[in-house]
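Reader: I have the model open and want to know what stands behind each label. Please give me the value, then the rule.

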Amino acid sequence: MRHNNISVFIPHLGCPHQCSFCDQNTITGVAHAPTAEEVEQLFFDAAQKLKGDPQETEAAFFGGSFTAIPKEYMCSLLEIGKRAVNQYGWKGIRISTRPDAVPEETLLLLKEYGVTSIELGAQSMDDRVLEINERGHTAEDVRKASRRIRKHGFELGLQMMVGLYGETRDTALMTAKEIGALCPDTVRVYPVVVLRGTKLDRWRREGIYTPMTLEEGVPICGEILEYFFEQGIPVIKFGLHASKEVEENITGGIYHPALRELCESEIYLKNARQKISAEKLEGSAKPVTFLVNEKEISKFIGQKRKNMKRLEALLGCPCKVRGKKELQVYRVELEY
Ligand code: SF4
């Protein structure tokens with residue numbers, strides 16, 4: 001069943017400072033905090049147009065540090081959200097916030113308003129990376145907040161980034177594993193896109209920070225996607241939403257309009273190479289047919305047949321790919 005978020009973006013309100021990577025106005029395309037009336041109208045309009053199951057729909061407050069905005073404003077928005085949930089038969093309210101902004105009393109308040117899901121911007125589980133990117137919280141804050149959220153029966157979502165200042169392949173993979181160990185219901189992965197006007201952009205210009213390139217980021221992100229898949233944790237969002245605002249303001253980082261597909265192709269290339277190596281087929285010139293899940297063939301082939309060309313070079317002869325219905329996603333078998 002397809003999940004729907006009726007999203008309201010609350011840019012920058014409640015942020016105690018400015019994280020190195022963040023420019024919420026560009027990311028969300030929203031420059032001002034919406035009034036309660038605007039939110040009410042947005043929910044009303046969305047309910048009229050909704051095509052999916054209302055029970056799979058959530059009123060969502062995203063974009064800033066929702067639980068750190070002025071309490072009166074937060075409660076006025078939650079009240080509108082609660083009313084919309086009751087009126088339109090939606091599943092509940094989803095919010096996103098910082099790991100250091102969900103104390104016990106806030107969680108109790110969120111419960112009263114019918115919040116069902118809480119997403120935390122963990123971003124990294126490496127304290128050094130968190131510190132130099134000026135997040136203002138630690139990895140332990142993420143662990144504690146996640147446990148508290150679970151204890152109160154909310155659905156837990158965790159967000160991580162890849163390629164922040166000071167990040168390496170090892171810190172990115174460690175972050176994914178630590179996040180997996182917290183058993184979130186959902187994960188969002190944001191490979192870093194350096195946006196004009198952010199601190200990362202300034203550090204890039206000053207030569208302090210060298211952003212991860214697309215070529216460097218794709219294999220790491222592929223490993224992370226595969227890891228969450230194996231853990232049974234859905235990655236509900238991968239990469240920034242491609243928009244004109246974002247594209248006009250990118251100055252570096254891991255960005256491609258079809259990033260997820262690129263990373264998934266890389267997983268297939270890695271797994272196909274492992275098969276070739278396990279069977280000692282390098283340079284054997286033996287015709288090989290790769291078997292993958294039938295819905296995944298185009299990802300296996302890669303953009304502009306990139307994977308096929310690389311595999312053919314490795315084998316020393318042309319190769320083919322065929323669909324096999326029962327194969328699990330990312331799994332590769334050989335037929336020769
Ligand atoms: S990442 Fe979140 S906490 Fe940091 S400045 Fe942006 S909205 Fe605020």
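Author: The buried residues of α9 pack against β5 (155-162), α7 (169-181), β6 (186-191), β8 (235-238) and α11 (259-278). A caution on the source: this is a predicted model, local features need pLDDT of at least 70, side-chain atom pairs count only at pLDDT 80 or more, and totals for chains, interfaces and linings use all residues. Residues are numbered from 1 along each chain as its sequence is written.

Reader: Which residues of α9 are called buried?

Author: They are G217, V218, I220, C221, G222, I224, L225, E226 and F228. The label rests on a count: buried means 20 or more other C-beta atoms within 10 Å of a residue's own, exposed means 12 or fewer, and partly exposed is in between, with C-beta atoms placed from the backbone. "Packing" here rests on contacts, that is, two residues whose C-beta atoms, placed from the backbone, lie within 7 Å.

Reader: What makes α9 a helix, and how does its reach compare with the expected one?

Author: Helices are DSSP runs of H or I with at least four residues; strands are runs of E with at least two; both are numbered from the N terminus. Helix α9 covers residues 214-231, which is 18 residues. Its end-to-end C-alpha reach is 25 Å, close to the expected 26 Å. The expected span is 1.5 Å times one less than the number of residues. Just after α9, G232 has a positive phi of about 75°.

Reader: How do you know that the buried residues of α7 line one face?

Author: Start with the list: A172, T175, A176 and I179 are buried. Viewed down the axis of α7, they fall within an arc of 95°, so they line one face of the helix. The arc is that of the directions from the helix axis to the C-beta atoms. The face turned away carries the exposed residues D170 and A181. The buried residues of α7 pack against β4 (115-123), β5, β6 and α9. Just after α7, C183 takes a positive phi of about 50°.

Reader: Why is T57 called buried?

Author: T57 has 24 other C-beta atoms within 10 Å, so T57 counts as buried. T57 is in strand β2 (residues 57-62). Leaving out residues up to four places away in sequence, T57 touches N4, I6, L50, G52, W90 and K91. T57 and V85 are 28 residues apart in sequence, and their C-alpha atoms are 8.8 Å apart.

Reader: How far apart are the domain centres?

Author: Over C-alpha atoms, 35 Å separate the centres of domain 1 and domain 2. Their contact takes 7 residues from domain 1 and 7 residues from domain 2.

Reader: Why is the protein chain called as compact as a globular protein of its length?

Author: The protein chain has 13 helices and 12 strands. Its radius of gyration is 22 Å, close to the 20 Å that the globule rule gives for 336 residues, so the chain is as compact as a globular protein of that length. The radius is taken over C-alpha atoms, and the rule is 2.2 Å times the number of residues to the power 0.38. Of the 336 residues, 42% count as buried.

How values were computed. Domains from an automatic or database assignment.
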